[in-house]
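These are my notebook entries on one protein model. I set down what I looked up, item by item.

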Amino acid sequence: MKTYLPLYGALTLFAVSFSGFAEKTSPPGENKSTTTHVLESGAALLQSKSPLSDFDIYLVGFHPMKDNPENQMEAHHYCHQVNQDFAQCVLFDGNTKDANMTGVEYIISEKLFATLPQEERQYWHPHNGEILSGQLIAPGIPKMAEHRLMKDKMNSYGKTWHVWHTGASGEQGTALPLGPPMLAWSFSRDGEAKPELVSERDKKLNVNTQEIRKSREDLRELAKPQSGVDALNGQYKRPTQPIPGVTDSDAKTNP
(Lines give C-alpha, C1' and ligand atoms only; values in the text may rest on other atoms or scores of the structure.)
Protein backbone atom coordinates (compact mmCIF):
# COMPACT_ATOMS: atom_id res chain seq x y z
CA MET A 1 0.00 0.00 0.00
CA LYS A 2 1.44 3.37 -1.05
CA THR A 3 0.85 5.38 2.07
CA TYR A 4 3.45 7.91 0.91
CA LEU A 5 1.17 9.14 -1.90
CA PRO A 6 -2.12 9.71 -0.05
CA LEU A 7 -3.06 12.87 -1.89
CA TYR A 8 -1.66 12.77 -5.39
CA GLY A 9 -0.83 9.16 -6.26
CA ALA A 10 -4.05 8.41 -8.09
CA LEU A 11 -4.63 11.94 -9.31
CA THR A 12 -1.46 11.92 -11.38
CA LEU A 13 -2.87 9.15 -13.56
CA PHE A 14 -4.93 11.86 -15.23
CA ALA A 15 -1.86 13.96 -15.85
CA VAL A 16 -0.08 11.15 -17.70
CA SER A 17 -2.65 11.31 -20.47
CA PHE A 18 -2.63 15.11 -20.61
CA SER A 19 -1.33 16.09 -24.03
CA GLY A 20 -0.39 19.20 -25.94
CA PHE A 21 3.20 18.79 -27.07
CA ALA A 22 4.25 17.75 -30.54
CA GLU A 23 7.40 15.71 -30.96
CA LYS A 24 10.58 17.69 -31.70
CA THR A 25 12.38 15.09 -33.77
CA SER A 26 11.34 12.05 -35.79
CA PRO A 27 14.15 9.51 -36.06
CA PRO A 28 14.89 8.21 -39.58
CA GLY A 29 13.61 4.79 -40.61
CA GLU A 30 11.06 2.91 -42.68
CA ASN A 31 7.41 2.68 -41.69
CA LYS A 32 6.53 -0.29 -39.51
CA SER A 33 5.92 -3.49 -41.46
CA THR A 34 2.75 -5.55 -41.19
CA THR A 35 4.72 -8.15 -39.26
CA THR A 36 5.80 -5.56 -36.70
CA HIS A 37 2.20 -4.37 -36.25
CA VAL A 38 1.02 -7.95 -35.73
CA LEU A 39 3.77 -8.60 -33.19
CA GLU A 40 2.90 -5.41 -31.31
CA SER A 41 -0.78 -6.37 -31.17
CA GLY A 42 0.07 -9.82 -29.87
CA ALA A 43 2.46 -8.41 -27.30
CA ALA A 44 -0.17 -5.96 -26.07
CA LEU A 45 -2.55 -8.85 -25.43
CA LEU A 46 -0.16 -11.44 -24.05
CA GLN A 47 2.81 -9.76 -22.43
CA SER A 48 2.97 -8.08 -19.04
CA LYS A 49 3.96 -4.43 -18.64
CA SER A 50 4.35 -4.67 -14.88
CA PRO A 51 7.57 -2.58 -14.61
CA LEU A 52 5.77 0.34 -16.28
CA SER A 53 2.43 0.11 -14.52
CA ASP A 54 3.39 2.35 -11.59
CA PHE A 55 5.06 5.13 -13.61
CA ASP A 56 2.07 7.31 -12.84
CA ILE A 57 3.55 10.63 -11.68
CA TYR A 58 4.04 13.21 -14.44
CA LEU A 59 6.40 16.18 -13.99
CA VAL A 60 7.70 18.79 -16.42
CA GLY A 61 10.86 20.80 -15.84
CA PHE A 62 14.10 21.90 -17.45
CA HIS A 63 17.65 20.57 -17.40
CA PRO A 64 20.94 22.26 -18.26
CA MET A 65 23.86 19.98 -18.98
CA LYS A 66 26.48 20.29 -16.23
CA ASP A 67 29.46 20.47 -18.60
CA ASN A 68 27.64 22.84 -20.99
CA PRO A 69 24.94 24.80 -19.11
CA GLU A 70 23.71 26.62 -22.22
CA ASN A 71 22.68 23.22 -23.59
CA GLN A 72 19.21 23.13 -22.02
CA MET A 73 16.31 20.75 -22.47
CA GLU A 74 12.68 20.55 -21.55
CA ALA A 75 12.15 17.28 -19.71
CA HIS A 76 8.88 15.41 -19.30
CA HIS A 77 9.30 13.00 -16.38
CA TYR A 78 7.19 9.87 -16.02
CA CYS A 79 8.02 8.63 -12.54
CA HIS A 80 7.48 5.72 -10.19
CA GLN A 81 7.73 6.54 -6.49
CA VAL A 82 9.34 3.32 -5.25
CA ASN A 83 9.23 4.42 -1.60
CA GLN A 84 9.19 7.67 0.32
CA ASP A 85 12.90 8.28 -0.29
CA PHE A 86 13.44 6.98 -3.84
CA ALA A 87 11.81 7.56 -7.22
CA GLN A 88 12.84 6.66 -10.75
CA CYS A 89 11.77 8.47 -13.90
CA VAL A 90 11.90 8.01 -17.65
CA LEU A 91 12.39 11.29 -19.54
CA PHE A 92 10.78 12.32 -22.82
CA ASP A 93 10.80 15.45 -25.00
CA GLY A 94 7.00 15.68 -24.94
CA ASN A 95 3.86 13.95 -23.72
CA THR A 96 2.30 12.54 -26.88
CA LYS A 97 2.55 8.99 -28.21
CA ASP A 98 5.23 10.20 -30.64
CA ALA A 99 7.49 11.71 -27.96
CA ASN A 100 11.11 10.57 -27.87
CA MET A 101 12.73 9.04 -24.80
CA THR A 102 15.69 11.28 -23.97
CA GLY A 103 17.04 10.07 -20.64
CA VAL A 104 16.49 8.88 -17.07
CA GLU A 105 16.42 10.47 -13.64
CA TYR A 106 16.63 9.02 -10.15
CA ILE A 107 15.31 11.12 -7.26
CA ILE A 108 16.37 10.64 -3.65
CA SER A 109 15.54 12.33 -0.37
CA GLU A 110 18.03 14.39 1.61
CA LYS A 111 18.26 11.43 3.99
CA LEU A 112 19.58 9.14 1.24
CA PHE A 113 21.80 11.88 -0.17
CA ALA A 114 23.50 12.12 3.21
CA THR A 115 24.54 8.47 2.89
CA LEU A 116 26.37 9.01 -0.41
CA PRO A 117 30.17 9.10 -0.49
CA GLN A 118 31.62 12.50 -1.29
CA GLU A 119 32.85 11.49 -4.76
CA GLU A 120 29.34 10.37 -5.73
CA ARG A 121 27.63 13.63 -4.76
CA GLN A 122 29.00 15.49 -7.80
CA TYR A 123 26.44 13.64 -9.93
CA TRP A 124 23.36 14.66 -7.93
CA HIS A 125 21.71 18.04 -8.49
CA PRO A 126 19.59 19.92 -5.91
CA HIS A 127 15.87 20.45 -6.43
CA ASN A 128 14.96 23.45 -4.25
CA GLY A 129 15.66 25.98 -7.01
CA GLU A 130 13.44 24.12 -9.47
CA ILE A 131 10.60 23.96 -6.97
CA LEU A 132 10.72 27.46 -5.47
CA SER A 133 11.14 29.09 -8.91
CA GLY A 134 7.95 27.44 -10.14
CA GLN A 135 9.79 25.80 -13.04
CA LEU A 136 9.07 22.23 -11.97
CA ILE A 137 5.38 21.45 -12.34
CA ALA A 138 2.97 18.51 -12.28
CA PRO A 139 0.43 19.55 -14.92
CA GLY A 140 -3.16 18.39 -14.94
CA ILE A 141 -3.68 17.71 -11.24
CA PRO A 142 -5.41 19.96 -8.68
CA LYS A 143 -3.29 22.79 -7.31
CA MET A 144 -3.52 21.42 -3.78
CA ALA A 145 -2.21 18.03 -4.91
CA GLU A 146 0.64 19.60 -6.87
CA HIS A 147 1.58 21.74 -3.88
CA ARG A 148 1.70 18.65 -1.65
CA LEU A 149 3.86 16.83 -4.19
CA MET A 150 6.35 19.70 -4.35
CA LYS A 151 6.40 19.94 -0.57
CA ASP A 152 7.40 16.27 -0.44
CA LYS A 153 10.23 16.91 -2.92
CA MET A 154 11.76 19.85 -1.06
CA ASN A 155 15.46 19.24 -0.26
CA SER A 156 15.60 16.22 -2.57
CA TYR A 157 18.22 15.48 -5.22
CA GLY A 158 18.24 14.05 -8.73
CA LYS A 159 20.76 12.12 -10.78
CA THR A 160 19.94 12.65 -14.46
CA TRP A 161 21.49 11.39 -17.66
CA HIS A 162 20.31 12.63 -21.04
CA VAL A 163 21.25 10.55 -24.06
CA TRP A 164 19.46 12.52 -26.79
CA HIS A 165 18.98 16.22 -27.44
CA THR A 166 16.06 16.39 -29.87
CA GLY A 167 15.92 20.20 -29.94
CA ALA A 168 14.48 23.01 -27.85
CA SER A 169 13.50 26.68 -28.30
CA GLY A 170 14.26 26.71 -32.00
CA GLU A 171 17.53 24.81 -31.62
CA GLN A 172 18.07 21.93 -34.00
CA GLY A 173 18.40 18.56 -32.33
CA THR A 174 19.93 15.38 -33.68
CA ALA A 175 17.95 12.79 -35.62
CA LEU A 176 19.39 9.97 -33.51
CA PRO A 177 20.76 9.73 -29.95
CA LEU A 178 24.42 10.45 -30.67
CA GLY A 179 27.49 10.79 -28.48
CA PRO A 180 28.08 9.95 -24.83
CA PRO A 181 25.44 10.38 -22.10
CA MET A 182 25.25 13.92 -20.71
CA LEU A 183 25.01 14.59 -16.98
CA ALA A 184 22.19 17.07 -16.42
CA TRP A 185 21.95 19.62 -13.62
CA SER A 186 19.34 21.98 -12.21
CA PHE A 187 18.69 25.73 -12.21
CA SER A 188 19.34 27.29 -8.81
CA ARG A 189 19.43 30.99 -9.74
CA ASP A 190 17.06 33.29 -11.60
CA GLY A 191 18.30 33.97 -15.11
CA GLU A 192 19.98 30.61 -15.67
CA ALA A 193 17.13 29.09 -17.65
CA LYS A 194 16.63 30.51 -21.13
CA PRO A 195 13.49 32.68 -20.92
CA GLU A 196 12.09 31.31 -24.17
CA LEU A 197 12.36 27.76 -22.85
CA VAL A 198 10.10 28.60 -19.92
CA SER A 199 7.68 30.79 -21.86
CA GLU A 200 7.16 28.18 -24.56
CA ARG A 201 6.40 25.52 -21.97
CA ASP A 202 3.99 27.83 -20.17
CA LYS A 203 2.14 28.66 -23.36
CA LYS A 204 1.78 25.05 -24.46
CA LEU A 205 0.63 23.78 -21.07
CA ASN A 206 -1.37 26.91 -20.24
CA VAL A 207 0.45 27.56 -16.97
CA ASN A 208 2.15 30.62 -15.50
CA THR A 209 5.51 29.97 -13.88
CA GLN A 210 5.49 33.24 -11.96
CA GLU A 211 2.08 32.55 -10.47
CA ILE A 212 3.16 29.04 -9.53
CA ARG A 213 6.28 30.49 -7.92
CA LYS A 214 4.20 32.87 -5.82
CA SER A 215 1.94 30.02 -4.68
CA ARG A 216 4.99 28.17 -3.33
CA GLU A 217 6.39 30.95 -1.17
CA ASP A 218 5.27 29.07 1.93
CA LEU A 219 7.63 26.21 0.99
CA ARG A 220 10.63 28.52 1.39
CA GLU A 221 10.70 27.96 5.13
CA LEU A 222 11.27 24.24 4.49
CA ALA A 223 14.33 24.82 2.30
CA LYS A 224 17.67 23.70 3.71
CA PRO A 225 21.07 24.51 2.21
CA GLN A 226 21.85 21.98 -0.52
CA SER A 227 24.94 20.62 -2.18
CA GLY A 228 25.55 21.72 -5.77
CA VAL A 229 23.52 24.93 -5.71
CA ASP A 230 26.52 27.00 -6.82
CA ALA A 231 27.86 24.43 -9.31
CA LEU A 232 26.83 26.50 -12.36
CA ASN A 233 27.17 29.96 -10.81
CA GLY A 234 29.23 32.24 -13.08
CA GLN A 235 28.98 29.98 -16.13
CA TYR A 236 26.30 32.05 -17.89
CA LYS A 237 26.90 35.15 -19.98
CA ARG A 238 23.63 36.71 -18.84
CA PRO A 239 23.24 38.02 -15.29
CA THR A 240 21.77 35.72 -12.66
CA GLN A 241 20.34 36.33 -9.22
CA PRO A 242 19.81 34.14 -6.15
CA ILE A 243 16.40 32.55 -5.68
CA PRO A 244 15.21 33.40 -2.16
CA GLY A 245 15.58 30.36 0.07
CA VAL A 246 18.00 28.52 -2.25
CA THR A 247 21.46 28.30 -0.70
CA ASP A 248 24.54 26.13 -1.09
CA SER A 249 25.54 23.89 1.82
CA ASP A 250 29.22 24.53 1.12
CA ALA A 251 31.03 27.56 2.51
CA LYS A 252 30.40 29.59 -0.65
CA THR A 253 28.20 32.69 -0.63
CA ASN A 254 26.07 33.70 -3.58
CA PRO A 255 26.97 37.25 -4.70
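**Entry 1: Ground rules**

I noted that this is a predicted model, in which local features need pLDDT of at least 70, side-chain atom pairs count only at pLDDT 80 or more, and totals for chains, interfaces and linings use all residues. Residues are numbered from 1 along each chain as its sequence is written, and side-chain values use heavy atoms, with hydrogens and water left out.

**Entry 2: The chain as a whole**

I looked up the secondary structure and found 7 helices and 11 strands in the protein chain. Helices (H or I, at least four residues) and strands (E, at least two) are DSSP runs, numbered from the N terminus. Of the 255 residues, 47% count as buried; buried means under 20% relative accessible area, exposed over 50%, and partly exposed in between (1.4 Å probe, protein chains only). The accessible surface comes to about 13200 Å², and 56% of it belongs to carbon and sulfur atoms. Such areas come from the Shrake-Rupley method with a 1.4 Å probe, and for residues only the protein chains shown count as cover.

I then turned to contacts, meaning heavy atoms within 4.5 Å. Among contacts with a separation of 6 or more, 68% are between residues 24 or more positions apart.

**Entry 3: The disulfide**

How many disulfides does a search of the whole structure find? I recorded 1 disulfide, a disulfide being a pair of cysteine sulfur atoms within 2.5 Å. Cys79 is joined to Cys89, with 2.1 Å from S to S. The pair links distant parts of the chain: Cys79 belongs to strand β2 (residues 68-83) and Cys89 to strand β3 (residues 86-92), 10 residues apart. The link is right-handed, with 105° about the S-S bond. Both Cys79 and Cys89 are buried.

**Entry 4: The nonpolar cores**

A nonpolar core is a set of buried Ala, Val, Leu, Ile, Met, Phe, Trp, Tyr and Cys residues joined through side-chain atoms within 4.5 Å. I found 21 residues in the largest one, where Leu59, Leu132 and Met150 have the most contacts inside it. At least two residues of this core come from each of β1 (57-65), β3, α4 and α5. Another core, of 9 residues, lies apart from it and includes Ala168, Phe187, Ala193 and Tyr236. In soluble globular proteins, nonpolar side chains tend to be buried together.

**Entry 5: Leu136**

Is Leu136 buried or exposed? Leu136 counts as buried because its relative accessibility is 8%. Leu136 sits in the loop between α4 (128-132) and α5 (143-153). Beyond its neighbours within four places in sequence, Leu136 is in contact with Leu59, Val60, Gly61, Glu130, Ile131, Met150 and Arg216. I also noted Arg213, 77 residues from Leu136 in sequence and 9.6 Å away in space, C-alpha to C-alpha.

On a 1 Å grid over the protein atoms alone, a cavity is a set of points where a 1.4 Å probe fits but cannot get out, and a pocket is an open set with protein on both sides within 12 Å along at least five of seven lines; lining residues have an atom within 4 Å of a point. Grid points are joined across faces, edges and corners, and a volume is the space filled by probe spheres set on the points.

I counted 6 cavities of 30 Å³ or more. The largest cavity holds about 90 Å³ of space, and its lining includes Leu59, His63, His77 and Leu136. The largest pocket has a volume of about 420 Å³. Of the 18 residues lining this pocket, Lys143, Glu146, Val207, Asn208 and Ile212 lie nearest its centre.
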